[in-house]
Amino acid sequence: MDCSPPGSSTLSRPGRGSSPSRRLGNVRGAAGPSSPPGRRACPPAPGASRLSRAAREELRRRLLGLIEGHRVVIFSKTYCPHSTRVKELFSSLGVDCNILELDQVDEGASVQEVLSEMTNQRTVPSIFVNRVHVGGCDHTFQAHQSGLLQQLLQQDLAYDYDLIVIGGGSGGLSCAQEAAVLGRKVMVLDFVVPSPRGTAWGLGGTCVNVGCIPKKLMHQAALLGQALTDSRKFGWEYSQQVRHSWATMTEAIQSHVGSLSWGRRLALRENAVTYVNSYGEFVEHHKVKVSRRPGIRSVCEVCFAFFKFVIATGQRPRYLGIPGDREYCITSDDLFSLPYCPGTTLVVGASYVALECAGFLAGLGLEVTVMVRSVLLRGFDQEMAEKVGASMQQLGVRFLRKFVPVEVQQLEKGLPGRLKVVAKSTDGTETMEGVYNTVLLAIGRDSCTKKLGLEKIGVNISEKTGKIPVNGEEQTSVPYVYAVGDVLEGKPQLTPVAVRAGKLLARRLFGGRSEKCDYVNVPTVVFTPLEYGCCGYSEEKAGEVCQAENLGVYHTLFWPLEWTVACRDNNTCYAKIICNKLDNDRVIGFHVLGPNAGEITQGFAAAMKCGLTKQLLDATIGIHPTCGEVFTTLEITKASGLDITQKGC
Amino acid sequence: MAALRGAAARFRGRAPGGARGAAGRQRYDLLVIGGGSGGLACAKEAAQLGKKVAVLDYVEPSPRGTRWGLGGTCVNVGCIPKKLMHQAALLGGMIRDAPHYGWRVAQAPHDWATMADAVQNHVKSLNWGHRVQLQDRKVKYLNVKASFVDMHTVCGVSKGGEETLLSAEHIVIATGGRPRYPTHIEGALEYGITRSCCPVPTSPSLALLNCLADVALECAGFLTGLGLDTTVMIRSVPLRAFDQQMALLVTEHMAGHGTRVLRGCAPERVEKLPDQQLRVTWVDLASDRKDAGTFDTVLWAIGRVPETASLNLEKAGVRTNPVTGKILVDAQEATSIPHIYAIGDVAEGRPELTPTAIMAGRLLAQRLSGRTSDLMDYSSVPTTVFTPLEYGCVGLSEEAAVARHGEEHVEVYHAFYKPLEYTVPQRDASQCYVKMVCLREPPQLVLGLHFLGPNAGEVTQGFALGIKCGASFQQVIRTVGIHPTCAEEVAKLRISKRSG
C-alpha cells in the first residue's frame, strides 16, 4: 500500500538508512525538554492544539494511511524513556520500524490528540503492528512475553480477519457489510440459543426474526380485520362471520422472514463476509473461541482478529423467575412462529412489546388480558401511554393493574393447553387466579453479554443492566472492542439506530471517516392497534430538562376522515407537541396517537432535526385530508385548559 | 357613491346590531361571497376577531341537477367524498389481502348505494357543522346568489327571487370554481357528468373519464378499485403540473391494476343508444384514426372554470385574467379594487387546494383586523394525489428544479422500495418510488420531495415542514428511520440518479 507522506515538509519520509529503524519526520527544531522523572508514559503537551473538524479528519486519514502502510509504526517522543525501550525491543528483534517522533514534528500535539481519539490511549509510545494497535510500552513487552507480538509480526499468520463481529443482527450485519465494502476481511459469528420452548431462528437477529418484521405483519393482519369490519360501511358486501386462521398467517409471515434471513446470508456471501453459525467467546486478548454451544469446547476453533471486534449480540426476553415460567410460558421469541393459535392469552408486562402483542392478538379476535406491575410504556410520555392503554381497552383488551404473577401451573396439556396463573397484588396481600391458554411474558429484555468471555479481556459491563458502556465512538473499555445495538448502555434499542451506528462505526474504523452516530431525536413508533409515534422528549422529561413553566404544550384530539364513515370513535386519536418557549418555541417533543403514526412521524422527525419551531408548523400548509395535517393547525395549549374534544358524528 | 363610501367608513369598528341601514340595506364589516373552505375560514376568523361578518353562499345546480349545502367544493364534491371513496377502494384491496393474512373471507361485491349514502351522510353532517360554527361565531349566513351592484354593494338573490342589498367595508370573493364541460363536443353536456355528480345513486358499471387533471386519475382509480370497468382518456400528458416521472409511474400503476388508459386521444361525440348506454367516438391524435366504445357513464374532468360569471365583477371594477377568467390578485390577496379581495380557487395563480385557501382566508382576516401583517406564503405547498397508489409531493418537480437551477446544479436521490405489508399478499411494488430533488452543492438543500406509495399524504406532511425549515440532504438522511415503515425509505435515500 502506498503511503503518501502525511505532510509536505513536516512529516516527510526520510530516505532508507542503514539503521533497522526509520524515522518518520525530520529532526528539525530544538530538542524537547528532558523527560520528567518517574513518569510511566508521556501525556500530550499542555495546550494541545484545537483542530478544526476538517483538519482533524484529514489528519486522521493520514495517520490511518501511515498505520496501514507499514508493518510496525511507533508514535514516540525522543525524550521518552519508554519509547526508547520499545524501540530497543524492536531493534533487538531485528524488526524494521517506522517511528514518528511527536516532539520533532510541527503537528505533534495534533497527531497525539487524533491518535488518542482513535485508540483511547493518550500517551506515547503507541505501537501498531500490522495495523493492530498493541498499546503502550507495557502492553508491547507483555505481548512479547506471551508470544503475541511474534505472531503479530508474522504478517500472513498474524490475523485471519480485520474484523470479527459477534452477533448477526441488524447492527452487526450492517457493520460487517460496510467493513467488507471497504475491502476488509470480516467474519460474522451468529448463533441463536434456542428459547426455553425450543424456538430458534436464522441469521438476521431480533428485528427480522422475532421483532419488527413479524410484529408489523401481525399488526397488519389485525388492522385488516378492522378494515374488514369497516369495509361493510363502505359498501363491500359479505355477510358471513369472518374467522381468522392463525396457521395461514404464521406460515405466510414465517416464509417472508425465512426469505429475509436467506437474503441476509446471500448479502454476506456477495460481500465475501465469512459467516459462521457458531457461538463466539473471548478466551484472551484478540482471541475468540468459536464453538457450537457456549461453554462446550468440542468443536473449537480459535480465530484471531487483530484489528477490531464488534459486539452486537443484542438482547433476549427476560423470564420472571417464578415456578412454571420457563416450562409453560412463551415470549415474543416463540409467539411469531407458534404453530397453533394461542387462544385466550395473558400478556405479562407493559413494555411496548407487551402492548403490541396484546394489541394484535386482540385484533385477531382472541381474548387478551394484560397484567401490569406499575406503569404502561415506561420511559414514554405517560399521558400518551395511558391513552394507548385506553384505546386498547376500547378494543376489548382487559388490563390487570398492579399485579405480578407468582406461579404458573399447567392444568391441561395441549396446543394450546390450559394454564393457571396465580398473581399477587403489588400493594397488598391480595392474590388472584386466572386460567388462560397461553401466557406471554414481555417484562423486558436482558443483554446477551454474560457468556462472551468479556471479563477475560476486561470489557466493562454494567453490573445493573448487563449492558456495555461505550464512548461516543461506540468503543468499550478495551480499545479494540466496540459494541453496537441493543447491548449498548443508555442508547435507544431500535433497528435503524443499530444499523446506522454499525455502518458509521465501520466507516470510522476502516474508511477514514469521523461521523458519529447521533442518538438525539430518534423517532420511534409503538405499533399498538392505534399506533403511537413519537420523537424527542416526553412531557415529563421536557419538564425536567427545561422546567415546566417554560414549555408550551399544544394538543388536540382528532378524528381521521376514514373513521367517520366507519363510525369509529371521534375522540380517541390525539396529537401533542411540546415547545420550549425559551428557545424560539422550538419543538422538542412530538407525539401522535392515530392510524399510520409511523408514516406521519418520520417526516416530522426530519423537520425536528432541522430545528422545527411552532411558528414554522403554523406557517406550513396541511395536506388535506390526512391525519398529519392536524399538526399544522394546533392552537390549544394545555395550559389554557380549553376543550379539545371533536364534536359531531 | 361618495355618500355611500362615507357611510361605510363611518361604520368602521362599530359593534354588531342595527343591521339595516337607512337605504334598507344590510351593512357589515366584512362580506364573504362563497361559503367554501377559504370563505368560511376567513369569515370565522374575522368574526372571532370582533368583526361583523356575513357569508353569501349559493350553489348553482350542475347540468344534471346536482346541488349541495354549505362548505364548498372540498366538503361536498371534492377532497372529502373523494378521499372516502378512495378509502372504500383501498378497503377492497385490503379484502383481497386479508386471506393471505389468515382471514377467511371471500372476495366481496361492492354496493355503490351503501357507500354513496354513507359518504353523503358524512358530507351532510359537515354541512351542518359549518352552519353551526357560523352561528356560534355570530356570522350571518345567507343562502343567496350574489352579484355586485357597485364596488361597495352586493345584491343577493334567494332561490325564491327575493333580493337583499348588502354593503361592507371589505368584500372577499371566494366563489371557487366548477368543472368545465367540453361544450364543443356533441352530447357532452347532455350525457356526461362531472365529479360534482359523483354521488349518483346508481352504480356506473362502465365509465369513461376524460382527463387533464388529478381529479380524473383519482376518480378513475377509485372506480376501478370498486370493481368497475373504467377507461381514462388523456389528450396529452397526465398530471401536467406535477413531476412527469412520477406522473408516468402513477398512470403505469393504474394501467397495471385494471384501468384502461387511452393516451393521446380526444373525444368527438357522445350519443345515447336505445339501451340507455352511451356511445363515445374519439380520435387518436397521432394516427388520426377514429374509434368508439360504449359506456354507462361519461365523466368529464378536464379542468375547472372559476365561478365569476354571475358576480357582475365589472360593476365593481374587479379585473380578471381574460384567458383563465380568474381574478387578478396581489400578495395581499387584494384585487384591482383595494377593499375587494379574492382567495382560493377563484384567484389567479393560486394552488387549487383546500388548506391553502383556509390559511389564506385566515391570514387575510387577521390582516384586515390589524392582528398581523403576515402574507400568505404560497411556496412549498405540499399536496397529495389520492390515486390508488398515492402520490405525495412538496416543493419543486425535477423538471422545475432543472429549469430553475440548471441540470449541473441539481442532484436527484431516488429509490424503488417494497412496503413490508406488500410482501405477504405478494403485491406488486414496482411503482413504489421515492425521489428527493436537491441542490448539488453542499449542504445540498432539498428542493422537492416526491413519494409514491401507500399513505403518501401522511408521509409527505412532516417532510414538508423539513423543507420549510431549509432541510439539507444530509439532515434528512441523518434522521434515524422508523422501522418498518414506508416513510423510512426517505431517510434511507443514498443513490443519486447521476451515480446510476
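Visitor: How are α19(A) and α13(B) oriented to each other, roughly parallel or roughly antiparallel?

Guide: Two packed helices are described by the angle between their axes and the distance between the axes. In this predicted model, the axes of helix α19 (residues 597-609) of chain A and helix α13 (residues 456-468) of chain B come within 6 Å and cross at roughly 10 degrees. Angles under 35 degrees count as roughly parallel, and α19(A) and α13(B) are therefore roughly parallel to each other.

Visitor: Which residues in α19(A) meet residues in α13(B)?

Guide: From α19(A) come E599(A), I600(A), Q602(A), G603(A), F604(A), A606(A) and A607(A), and they meet E458(B), V459(B), Q461(B), G462(B), F463(B), L465(B) and G466(B) in α13(B). Sorted by class, this contact of α19(A) with α13(B) has 7 nonpolar, 5 polar and 2 charged residues.

Visitor: Which feature does UniProt place at residues 522-633 of chain A?

Guide: A record gives a label, which can then be set beside the model. The unreviewed UniProt entry places "domain: Pyridine nucleotide-disulphide oxidoreductase dimerisation" at residues 522-633 of chain A. In the model that span is 29% helix and 29% strand, and its end C-alpha atoms lie 24 Å apart.

Visitor: What area do domain 2 of chain A and domain 3 of chain A bury between them?

Guide: Contacts within a chain can be read in the manner used for the chain interface. Chain A is divided into domain 1 (53-154), domain 2 (161-235 + 243-317 + 446-511), domain 3 (318-443) and domain 4 (530-640). The C-alpha centres of domain 2 of chain A and domain 3 of chain A lie 26 Å apart, and their contact takes 23 residues from domain 2 and 26 residues from domain 3. Together these two domains of chain A bury about 2100 Å², 59% of it on carbon and sulfur atoms. R197(A), W246(A) and P317(A) supply 36% of the area that domain 2 of chain A buries against domain 3 of chain A, more than any other three residues.

Visitor: How many residues of domain 2 of chain B are in contact with domain 3 of chain B?

Guide: Chain B is divided into domain 1 (2-72 + 116-179 + 305-368), domain 2 (188-302) and domain 3 (389-499). For domain 2 of chain B and domain 3 of chain B, the C-alpha centres lie 30 Å apart, and 11 residues of domain 2 are in contact with 15 residues of domain 3. The area buried between these two domains of chain B is about 1100 Å², of which carbon and sulfur atoms give 64%. In domain 2 of chain B, D243(B), M246(B) and H253(B) lose the most area to domain 3 of chain B, together 46% of what that side buries.

Visitor: Which residues does a cis peptide bond join in the loop that holds P416(A)?

Guide: A backbone can be read through its torsion angles. A cis peptide bond joins L415(A) and P416(A), with omega about -5 degrees, and P416(A) is found in the loop between β18 (403-412) and β19 (418-425) of chain A.

Note on methods. Residues are numbered from 1 along each chain as its sequence is written. Chains are lettered from A and ligands numbered from 1 in the order in which they are written. This is a predicted model: local features need pLDDT of at least 70, side-chain atom pairs count only at pLDDT 80 or more; totals for chains, interfaces and linings use all residues. Side-chain values use heavy atoms; hydrogens and water are left out. Axes are lines fitted to C-alpha atoms, for helices over the stretch in contact, and angles run from 0 to 180 degrees between N-to-C directions. Helices (H or I, at least four residues) and strands (E, at least two) are DSSP runs, numbered from the N terminus. Angles under 35 degrees count as roughly parallel, over 145 as roughly antiparallel, 65 to 115 as roughly perpendicular and the rest as oblique. Contact means heavy atoms within 4.5 Å. Ala, Val, Leu, Ile, Met, Phe, Trp, Tyr, Cys and Pro count as nonpolar, Asp, Glu, Lys and Arg as charged, and the others, Gly among them, as polar. UniProt positions are given in the numbering used here, feature names are shortened, and annotations may be inferred rather than shown by experiment. Domain bounds come from an automatic or database domain assignment. Buried area is the accessible area (1.4 Å probe) that two parts lose on being put together, summed over both.
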